[in-house]
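Here is a short report on one protein, written for a first look. Keep the sequence and the model side by side as you read.

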Amino acid sequence: MIYPDNLELLIRFLSETPGISERAAERAVLSLSRLDEDEKRMITNALRELERIKPCVECGLPTEEDLCVVCRDPEREQTVICVVEQPRDAISIEKLGEYKGLYHVLGGVISPLEDISPEDLRIESLFKRIKEKNIKTVIIALNPTVEGEATSKFLIDRLEKMNVEIYRISYGIPYGGTIDMADELTLKKAFEDKKLIAGGK
C-alpha cells in the first residue's frame, strides 16, 4: 500500500475483526484520518483506555472494574441469567430495553472441529454461579448454529438436574444466523416467544 505504516497497521487490525472486510477497514481508517485534532485526540484516548478493559469476574462482560455495570446494578433481577456466546450478543439484547436480568458470557461455543471443549468455556462458572447466587431462571440465548445447538443441549442436560427454570429464545432468528446481526424486531420477538424447556424440581 501507499499509506504510512501506522495507517496500514490500523487497516490490518480492523480487517482482522469479524465482519469487517479489508476494504471496509480501509474506508474506516481513512475516514478517521480526516477528523480534526480534537476528535483524533478523543479517539486516541479511548484506544489507550482499552488497556483497562477486562472481563467481569461474574458474567464476562467487558468492564474497567471487577464487576460490570449490569452486575453492579441492584435494580436488575438478581435471580435471572441470560446465557450468551459473546459480549456483543448481550449488547444486542440490552439495546431492546426489555430484559432486566443478568448475563453470563460463555466466550464461545463447543466445537470439536476447532478443538473447543466445555472446559475451554465459562460453563462451570455458570453452574457455580447458579448455585451460589440462588438463580431461579436461566434463559439460553445462543446463536442457532450447529455449534450453538450442541452447546445449548449440553447446558440443558446439566441444568435439568438443577432447581431452575430453563428457557430458550425462539427461532425467529434464522438457522445459521447470529444474535448480534438480527434486527431489533426479530430479536425482540425471539425473546418474547421464548420457550420453557424445563421447570424447577
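## Surface and overall build

The protein exposes about 12300 Å². Carbon and sulfur atoms supply 53% of that area. The model is a predicted one.

The protein has 201 residues, and 36% of them are buried. Its secondary structure consists of 8 helices and 7 strands. Along the principal axes, the C-alpha trace spans about 65 × 35 × 35 Å. Take the contacts with a separation of 6 or more: 56% of them join residues 24 or more positions apart.

## Helix α3

Helix α3 covers residues 37-48. The helix has 12 residues. From its first C-alpha to its last it reaches 16 Å, close to the 16 Å expected at 1.5 Å a residue. At the start of α3, D36 reaches in with a side-chain oxygen. That oxygen comes to within 3.1 Å of the backbone nitrogen of D38.

I43 sits in this helix. Is I43 buried, partly exposed or exposed? Its relative accessibility is 30%, so I43 counts as partly exposed. Leaving aside residues up to four places away in sequence, I43 touches L32 and L35. A198 lies 155 residues from I43 along the chain, and the C-alpha atoms of the two are separated by 47 Å.

Why does L50 count as exposed? Its relative accessibility is 52%, and the cut-off for exposed is over 50%.

L50 is also part of a nonpolar patch on the surface.

## Salt bridges

Side chains of opposite charge can pair when their charged atoms come close. How many salt bridges does a search of the whole structure find? The search finds 13.

One of them joins R12 and E16, with the closest N and O atoms 3.7 Å apart. R12 is partly exposed, at a relative accessible area of 41%. E16 is exposed, at 52%.

## Further pairs and a network

R72 and E65 meet through their side chains in another salt bridge, 3.8 Å from N to O. Both partners are partly exposed: R72 has a relative accessible area of 37%, and E65 has 45%.

K153 and D157 form a salt bridge as well, at 3.1 Å from N to O. How are K153 and D157 placed in helix α7? They are 4 residues apart in this helix, which runs over residues 146-159, so about one helical turn separates them. K153 is exposed, with a relative accessible area of 52%. D157 is partly exposed, with 35%.

Salt bridges can also link up into a group here. E49, R52 and E64 are joined in a network of them.

## What to look for in the model

Start with α3 and find I43 within it. Finish at α7, where K153 and D157 sit about one helical turn apart.

Terms used. Residues are numbered from 1 along each chain as its sequence is written. This is a predicted model: local features need pLDDT of at least 70, side-chain atom pairs count only at pLDDT 80 or more; totals for chains, interfaces and linings use all residues. Side-chain values use heavy atoms; hydrogens and water are left out. Patches are made of residues with over 30% relative accessible area and no salt bridge: like charges are joined within 9 Å, nonpolar side chains (Val, Leu, Ile, Met, Phe, Trp, Tyr) within 5 Å. Accessible areas come from the Shrake-Rupley method with a 1.4 Å probe; for residues, only the protein chains shown count as cover. A salt bridge is a side-chain nitrogen of Lys or Arg within 4 Å of a carboxyl oxygen of Asp or Glu. Helices (H or I, at least four residues) and strands (E, at least two) are DSSP runs, numbered from the N terminus. Buried means under 20% relative accessible area, exposed over 50%, partly exposed in between (1.4 Å probe, protein chains only). The expected span of a helix is 1.5 Å times one less than its number of residues. A polar contact is a pair of N or O atoms within 3.5 Å; within protein, one must be able to donate a hydrogen and the other to accept it, and residues adjacent in sequence count only if both atoms are side-chain atoms. Contact means heavy atoms within 4.5 Å.
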